[in-house]
Amino acid sequence: MSSTTEKGTAGGEGVRTLTALAISELVKGELQGDGTVCVSAVAPLDRAGANHVAFLANSRYSGMAAGTRAGVVLVSSDLAELVTNVPARVIVDKPNEAVFALLPLLYPETTWKAGVHATAVINPGAKLGKNVVVEEYAVIGPGAVLEENVWIGSHSVVGENVTVGHGSRIYPHVVLYAGAEIGERAIIHSGARIGSDGFGYVQRNGAHEKIPHVGRCIIGAYVEIGANTTIDRGSVDDTVIGAGTKIDNLVQIGHNCRIGRMCLIMSQAGIAGSVRIGDGAIIAGQAGVGGHITIGDGARIAGQAGVFGDVPAGESWSGYPARPHKESLRTTGALFKLAGMLKRIEKLLDEKEKA
């Protein structure tokens, strides 16, 4: 098994380069300047050089634009006059979105030849589909199923009876516990642990007795799970992550949770057991959600919020304890005024004592 990198030119000279003319055609923008200028990478305005393409979509970065050395700048029409010292500029409605069209061409993904490395351990009862990659020292357990075009990174463990769906990418040092199900084209980054036991105990005879966890952990299609994130299996019910949901690094999701489709869960969020989160909800960084709570479709939980009760669909909540965002802002504002109020009260009491 060996790695190869896709190479090619697209309207420019050499490997992985684009001309200003080709860029304008790709993003359907208006070229102004030298169409033969070649770029080979993307960079921010303040660090870009002659071989970079940069973009300007917000006037707050006008200072950077004035001094940029980029070869090509994608810029909206209302900001175009802020970029006058570059060899070429491309006028486009949404420069920050247009640049996405260039990334696959300038940074082609590494592709790997299908095969199983000699150091990998594959149980005879496992089933491997076509074009599967299993890298160095990976372990595939009994009854595991790797569907077509699955990529298992080095030192990863795919446990007993785990299913990994078509086209999914499992990065190095991931552990998929027994019985987990991974949908098609999912991405799981290094260090993630999927299907570990939840934190469930009963106190009996003066000791904390562990509750057996026999439920599954089911990850939907097109889900992405960040590095060092942990998702517990269900105790009796299943833990389920809906299709298209994106989970950041260092997130903890407890047992029996049901997270809907197309949700966003940011870094260091902690979600306790048996939480229900509706489709399209957003949980921002370091938010904490207590157990057995329901968060409705499209709801938004602000960073560092502490959620102790149900959140209705479509609402934005913040603060600790979390409450509707406007109410939280009023409460915080009142708290900031408290110190001044106390000083005035103390002054009045002092004047009363002297009278």
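Biologist: Where does pLDDT stay under 50?
Modeller: Over residues 2-14; pLDDT is the predictor's confidence in each residue, from 0 to 100. The model has 28 contacts there beyond four places in sequence, a contact being heavy atoms within 4.5 Å. Where pLDDT is low, the predicted coordinates should not be read in detail.

Biologist: And what does the chain average?
Modeller: A pLDDT of 93, with 96% of the residues at least 70. This is a predicted model, so local features need pLDDT of at least 70 and side-chain atom pairs 80 or more, while totals for chains, interfaces and linings use all residues. Residues are numbered from 1 along each chain as its sequence is written, and side-chain values use heavy atoms, without hydrogens and water.

Biologist: Switching to strand 8. Which strands pair with strand 8?
Modeller: Strand 3 (residues 30-33) runs antiparallel to strand 8 and is joined by four bridges. Strand 7 (residues 72-75) pairs with strand 8 in the parallel sense, also over four bridges. Strands are DSSP E runs of at least two residues, numbered from the N terminus, and two strands pair if DSSP finds at least two bridges between them.
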